[in-house]
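Thanks for coming. I will take a few minutes to walk through one structure, starting with how one chain is put together and ending with some local details.

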Amino acid sequence: MQTQEIQKISSQVRRDILRMVHGCQSGHPGGSLGCTDLLVDLFFSTMNLKTDAAGKVVFDMDGTNEDLFFLSNGHISPLIYSVLARRGYFPTAELATFRKIDTRLQGHPTPHEHLEGIRIASGSLGQGLSVAIGAAQAKKLNGDKSTVYCLMGDGEQNEGQVWEAAMYAPHHKVDNLIAFIDENGQQIDGPTEKVMSNRDLEAKYKAFGWNVMRMDGNNAEDIKNTLNKAKAELGKGSPIMIIMKTEMGAGVDFMMYSHKWHGVAPNDQQLQDALAQLEETLGDY
Amino acid sequence: MALFTYETKKDTRSGFGAGMEYLSQHNPKVVALCADLIGSLKLEGFIKNSPERFFQTGIAEANMIGISAGLTLGGFIPYATTFANFGTGRVYDQIRQSVAYSGKNVKICCSHAGLTLGEDGATHQILEDIGLMKMLPGMVVINPCDYNQTKAATIAIADYEGPVYLRFGRPVVPVFTPEDQKFEIGKALNLVEGTDVTILATGHLVWEAIQAAEALLEKGIKAEVINIHTIKPLDVQAILASVKKTGCVVTAEEHQYNGGLGDSVAQYLAMNHPTPMEFVGVNDSFGESGKPAELMEKYGLNAEAIVAKAIRVMARK
């Protein structure tokens, strides 16, 4: 898929995120907007997903012989919900139920409500990479050649379990795994550098035995090129980590360059101001 | 008169190891993980037969639980193994989020539960694990009583779809249940018929309950002994039928009163059939170093303690 088309979808996904968070006056727009370009590329272009004869995506929990994606920083749930709905896993109309009573679109993603596309509960941070590694090892045992993807936050790197997983994957040569860190430099209590510095993530993961790459997570062209480069490194004995620089709130000028919009919903006026910056390309839900 | 006899004493963890060895040959979907305690968990047989289905995680239990959850995708049945303290309390949130709430078919199998690991002391003697695990919606909690039953339970849980906590231990205890038994999750086993008092026991305390029933019989008291190997789901029909007959009940377990078998039984009976009840267990304290038998005596977890509680509860009828 051409990057221009991906950007069109991303614009709509960003509108969905803002409208969902506004609709329930709750949720996390900042990180969701920041990671939009990556998830749209993965689900609409890079990942090989199971489809029926008509080309419509079909979901089964095991996900054998298809690529899998695990969202570890589950608070950016509006993004994964919008991307899954726009990709055809469930009706876009359901996005209106986000975080409301009786919804399948819980505050943080969960398979508990049987939402198509979600395979693990996340949001209690630090657990997704371990799950992704297990899924990647299951694929190896099954002789399944597809790839497992996993996204984490940079604040999430504070969690000890992340480093248990970081140590395990190279040791066990889990080389069918591409993980990402959303390096937006922000966490709830302020800039990551102030709250708990990650120092040099690239050097850390390299020292643990990962094949580390960097990319601009808000540049569709760079995402495409880096993913192609990463895919060429699969099966060579090492897991791959892509450290992805993003801006929280990317696409909405007044939400960028601050951690203020980590977990705050826009009011009516702010929503209008934000939507005015994003073209409605696929029709609002 | 001996109500039950035995020829050998074995540790329940070796029953687990034997069950795993069986599964290595009979169920290609079973995979095993261990956090640097292969010898303690008796996994050598499984690993010898199926090295490609074994995953060493190192001393990293949180990661082990997450990897187990991931391995279920693709149809595998992961058995995550370590000591009970590190396999439950240390990783409660990982089990809660990645296994129980996510509905993953992971078997958490833990040795060295309770006081009877002995000399290592309270840092390793978890007495809260049944409570932690049974509170999780959908989690099955099993505490078998001897080598044969642990082996049978290990094999049986592979055929059950859903998260299970299987708890066993380190000391050698009499092997008195049949070698060829079929293990049925949630099905209590009546071991001794009686009419005066019901003794509901789990794990290592089942043998002690049988010894208690013998001692009570010498005093002319007919105790009914039921092996509650599955704490959740609890076999409430078997419990109700017995207490309706005897009118009083003692529970016995190597666990805190809080959160254990006793409070599951008390909760059920309070709502459905209020009955005088006494508890044999640890009452809101940590354990300590010592020989297993010394600890069980000091903390009141043996046949003698069960006899005393049985006599006390009968007086309350």
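In chain B, 27 residues of domain 1 are in contact with 31 residues of domain 2, where contact is a distance within 7 Å between C-beta atoms placed from the backbone. This is a predicted model, in which local features need pLDDT of at least 70 and side-chain atom pairs count only at pLDDT 80 or more, while totals for chains, interfaces and linings use all residues. Residues are numbered from 1 along each chain as its sequence is written, and chains are lettered from A and ligands numbered from 1 in the order in which they are written.

Which elements supply domain 1's side? At least two residues each come from α7 (129-134), β6 (140-142), α8 (147-156) and β8 (172-174) of chain B. Helices here are DSSP runs of H or I with at least four residues, strands are runs of E with at least two, and both are numbered from the N terminus. By class, that side has 14 nonpolar, nine polar and four charged residues. Nonpolar covers Ala, Val, Leu, Ile, Met, Phe, Trp, Tyr, Cys and Pro; charged covers Asp, Glu, Lys and Arg; the others, Gly among them, are polar. The domains span 10-174 and 189-315, with bounds from an automatic or database domain assignment. Their C-alpha centres lie 25 Å apart.

Staying with α8(B), eight of its 10 residues are buried. Buried means 20 or more other C-beta atoms within 10 Å of a residue's own, exposed means 12 or fewer, and partly exposed is in between, with C-beta atoms placed from the backbone. Among the buried ones are B:Y147 and B:K151, and the buried residues pack against β1 (9-11), α1 (12-26), β6 and β7 (164-167) of chain B.

Now the contact between the chains. It takes 22 residues from chain B and 28 residues from chain A. On the chain B side, α4 (61-71) and α6 (92-100) give two or more residues each, and α4(B) has the largest share, eight residues. That side divides into nine nonpolar, 12 polar and one charged.

What does α4(B) meet? A:Q161, A:E164, A:A165 and A:Y168 in α6(A) meet B:A62, B:N63 and B:G66 in α4(B). The axes of α6 (residues 160-171) of chain A and α4(B) are 8 Å apart, at an angle of about 70°. Axes are lines fitted to C-alpha atoms, for helices over the stretch in contact, and angles run from 0 to 180 degrees between N-to-C directions. So α6(A) is roughly perpendicular to α4(B), a term for angles of 65 to 115 degrees.

As for α6(B), its buried residues include B:I95 and B:V99. Their cover includes α5 (128-141) of chain A, together with α4 and β5 (107-111) of chain B.

Chain A itself has 10 helices and seven strands. Of its 285 residues, 51% count as buried.

Last, some backbone details. Most residues other than glycine have a negative phi, and most peptide bonds are trans. A:Y257 is not a glycine, yet has a positive phi of about 65°; the residue lies in the loop between β7 (240-245) and α10 (268-275) of chain A. Is A:Y257 buried or exposed? A:Y257 is exposed, with 12 other C-beta atoms within 10 Å. In chain B, a cis peptide bond joins B:K232 and B:P233, with omega about 0°.

Notes: Two residues are in contact if their C-beta atoms, placed from the backbone, lie within 7 Å. Angles under 35 degrees count as roughly parallel, over 145 as roughly antiparallel, 65 to 115 as roughly perpendicular and the rest as oblique.
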